[in-house]
Amino acid sequence: CLADAPVFATARAALAYDDHARKLVLDLKRGGRRDGLKAFGGWMARAGAEALAEADFVAPTPLHWTRLLERRFNQSAWLAASLSRASGVKLSVDALKRVKATPIQGGLSADGRRRNVQGAFQVRGSRKRLVEGRKVLLVDDVLTTGATAEACTRALRRAGAACVDVVTLARVAGPRAAPI
């Protein structure tokens, strides 16, 4: 971890990405099932309690507008809203935007994932004041290699964020996983 430390301060996950968590995540991500969101928000609030205590606001990992149009929802935004409700920490669904349409990350190596999302995110001009000097809690559904979280963190830090922590519903454990 010290040799290749992530740019985000901490990362926490409510669940390990096993067969049970995989079904929950895919039902949410691909099936648009919202019935577990209250529980997911509570679980994520417990997993990320330390970061939430310091966070100025919660921000979801954004989808590119073409993927959002195709899917019709952003599961990370749903998770962030649920986490915000569970914790009372302010939500900003539009602090970040995805400026580059990228292929899905599944099947890519860690290096391929990093290249895929490099330069894909920016802080919206209208939200730079919200981000400057603030502690941001970034929310996503799954943390695998940390490439997406790192790319989002870089965009937030370039815009002046003081600190970025990450909380996800699930994380992949094993050789492809990011250090937590």
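Modeller: The buried residues of α6 pack against β3 (96–98), β4 (121–123) and α8 (147–158); contact means heavy atoms within 4.5 Å. This is a predicted model, where local features need pLDDT of at least 70, side-chain atom pairs count only at pLDDT 80 or more, and totals for chains, interfaces and linings use all residues. Residues are numbered from 1 along each chain as its sequence is written, and side-chain values use heavy atoms, with hydrogens and water left out.

Biologist: Which residues of α6 are buried?

Modeller: In α6, residues 110–117, they are G112, R113, N116 and V117. Buried means under 20% relative accessible area, exposed over 50%, partly exposed in between (1.4 Å probe, protein chains only). They cover an arc of only 120° around the axis, so they sit on the same side of α6. The arc is that of the directions from the helix axis to the C-beta atoms. Helices (H or I, at least four residues) and strands (E, at least two) are DSSP runs, numbered from the N terminus.

Biologist: What comes just after α6?

Modeller: G119, with a positive phi of about 70°.

Biologist: New topic. Where is N74, and is it buried or exposed?

Modeller: N74 is in the loop between α4 (65–71) and α5 (75–87). N74 is buried, at 12% relative accessible area.

Biologist: What does N74 touch?

Modeller: Leaving out residues up to four places away in sequence, N74 touches T61, P62, L63 and L68.
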